[in-house]
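Please keep the structure open beside the text as you read.

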Amino acid sequence: MGVMPKWADVVLVPLISLIIAALLSALLILAIGESPVAALKLMIEGTLLRSSGWGYMLYYTTNFIFTGLAVSVAFHAALFNIGGEGQAMMGGLGVALVCLFIPWPHWSFAIIGASLGAAVFGMIWAGLPAYLQAKRGSHIVITTIMFNFIAAGVLNFFLVGALKPKGSMDPATANFPASTHLPTFEDMASLMGFEKMFRAAPANVSFFLALVACVLVWFLIWRSPLGYEIRAMGKSEPAARYAGIGSVKIIMVAMMISGALSGMMAINTTQGESERLILNFTEGAGFIGIAVALMGRSHPLGVLLAALLFGFLYQGGAELALWTKIPRELIVVIQALVILFTGALTLMVRGPLERLFLSLRRRG
Amino acid sequence: MDFLTLLQVLDSSLRLATPLLLACLAGLFSERAGIFDIGLEGKMLAAAFLSAAIAAATGSVWLGLLAGIGASLLLSAIHGLASITLRGDQIISGVAINFLAAGLTVVISQDWFGQGGRTPPLLSGGRFEPLNLPGAVPAKEISQAGPFMQLYSELLSGHSLLVYVALLMVPLTWFVLYKTRFGLRLRAVGENPAAVDTAGISVVGLRYAAVGICGVLCGIAGAYMATALQAGFVKDMSAGRGFIALAALIFAKWRPWYALGACLLFGFFFAVDNRFQNILLPAWVMSGVLLALGCGLFAYVRNKTVLDRIVLGGLGLGLAIVATLITLSNLSAGLGSTIKIPVVFIQSLPYVLTVVVLAGFVGKAIPPRSGGVAYVKEK
């Protein structure tokens, strides 16, 4: 502690980890027989130089902001929520029930209802493991993993059974009524007179909801008494208990906020994009939240930047899969390397850096 | 259901339990030494891919097995480096290893074979063939044989070598852990590494050894999936088995013989799920069981805190509501009518059971005390 200036800790360590991950991925691309430079160029062209590329990128980013914030809030209480995937699935169920069975007059009401539905369902799904951790001492990592699988079962049960429209073969719900459809970036751009922007891209208003969530989480963690208690608990449970902070309450509250955030990811994918509930709509976004939170150092601003980066990687990866022989799974490898270097091998990055700063300080 | 059908289900349980058992014992070595390993899944997947790829390329299943173990050991080395030497977070390292395997196997197999992330189907030399024990009756004549002969030929004979290896690993693990000096030290290093260090034994060395054994066993498990259970590697073929093995490990409370029982039970669920698509049960049994569970929860939380009442009471209420719904929807057909148990219910059962065990309602599962904590030697 205190060996490195704060900026180095916050900026340099994630940046160097990212560079190592990028270099290793470049080696992998070389080994496949493609050029890393050309691949990067293709990714940038397909993502940042086209408005529809931005539309796809921000769609993925929205998911990753929600799941990244979810993992971050739990991290602040020293809890590891691997259950984002399952909580998002249940959130999707909440969104579907709200959109299908309540007649909404306008999307602006529907998005509030869907947010509540998603948050409550995600909350319940995170609340059970939290309860088991707080009251029965069951390890939250294992229980949230198990709850991911159980959530997949529950979703499957509803999509091949009760919620599937009669005569349909797809494991999916009926289409949501038109009054619940969220305006996409394309709609908003044409409202403002830009007809050809964001064509057919799935990004929608829930992106702004994600930005609001960033601000709210920042306020919660750093500006509210509850956030203080969560962070105190995360730094040292005995110290927090000594200061009169009940660990049961904090575990429950932190995990339920985390679950609600994960669940709200489903607004973007379910209400915003597919406009019905489908199987596997989460596409691993719950797990990417782990990489996003680690990379963003559990700070909302960091999470936003990391989510943008992963949104870029996701859209760019799709471009690569389309035009080269690099499969989409390359992004999973990059994600794994980011998690490895920012989460598990931090000492490998931090150690040499600390020594460097120590020697600089001695000389200066 | 006749005797032969039962035997066939048990036979397939044994086959499906084998990768679980190997991975479960792998996790047992690692976690007993104080290294949490949720990367079992990734190691199995990597081993499955490389064993199938090498077996397809060379035509030798033994080279494939070795390559699979090698792949798994490599990932184990990363886990060891991260969690023992660099004292990083063991859970995060495990998560990273799972993703690394999930991504790399597809990227490499796509580049190598160009078949959409799978390896070419393995021919006879590239697979572990079923071993027929002496005197076993061939499959065609089995329905005429007597019950003992059926038991012998169907259930005990006709598995691949790795199934017998996995079964032998159980007593071997028990022996190593409880009857050797190495095992005593390994268990001690998971409970109290400082004491082991004081005795002049290397904590780091012991933990690396445990992680290494874990790698070898996961390698065999992966190779079994790709070269014996199926003929080749398919993208994401481990399909959560590593996590089920982890569940079995907790279910077994970190003990080898219990692990055998847990894995056979979970394998049985798989087999039942594979064989019977429709399990019918009288409606009144179904709603009765759910109602009883709900009432049991209510009775349990009567004198507990508010939080207990909300969570467990809510759970009980949910079960009671489901029971009522089942009863109501079957009233017209009469209570004796049968309803189909959803397939997903059987599939989710291992996870639900693990949560129940973790919750400590059916015997408490207590992990090794120093599990998940890196050891920092005093200077």
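A patch here is built from residues with over 30% relative accessible area and no salt bridge, where like charges are joined within 9 Å and nonpolar side chains (Val, Leu, Ile, Met, Phe, Trp, Tyr) within 5 Å. The areas come from the Shrake-Rupley method with a 1.4 Å probe, and for residues only the protein chains shown count as cover.

This is a predicted model, in which local features need pLDDT of at least 70 and side-chain atom pairs count only at pLDDT 80 or more, while totals for chains, interfaces and linings use all residues. Residues are numbered from 1 along each chain as its sequence is written, chains are lettered from A and ligands numbered from 1 in the order in which they are written, and side-chain values use heavy atoms, with hydrogens and water left out.

**The patch on chain B**

Phe3(B), Leu6(B), Leu10(B), Phe148(B), Leu151(B) and Phe268(B) make up a nonpolar surface patch, and their accessible area together is about 530 Å². Helix 1 (3-32) and helix 5 (147-156) of chain B each give at least two residues to this patch; helices are DSSP runs (H or I, at least four residues), numbered from the N terminus. Helix 1 of chain B has the largest share, 3 residues. Phe3(B) sits in that helix 1.

**Where the chains meet**

In the interface, 48 residues of chain B touch 45 residues of chain A, a contact being heavy atoms within 4.5 Å. About 3,900 Å² is buried between the two chains, 82% of it on carbon and sulfur atoms; this is the accessible area (1.4 Å probe) that two parts lose on being put together, summed over both. There are 2 salt bridges between chain B and chain A, each a side-chain nitrogen of Lys or Arg within 4 Å of a carboxyl oxygen of Asp or Glu. Lys135(A) and Asp308(B) form a salt bridge, at 3.5 Å from N to O.

**Two partly exposed residues**

Partly exposed lies between buried (under 20% relative accessible area) and exposed (over 50%), with a 1.4 Å probe and protein chains only.

| Residue | Relative accessible area |
|---|---|
| Phe3(B) | 38% |
| Ser179(A) | 26% |

Ser179(A) lies in the loop between helix 6 (140-160) and helix 7 (185-191) of chain A. Beyond its neighbours within four places in sequence, Ser179(A) contacts Trp104(A), Pro105(A), His106(A), Trp107(A) and Ala110(A).
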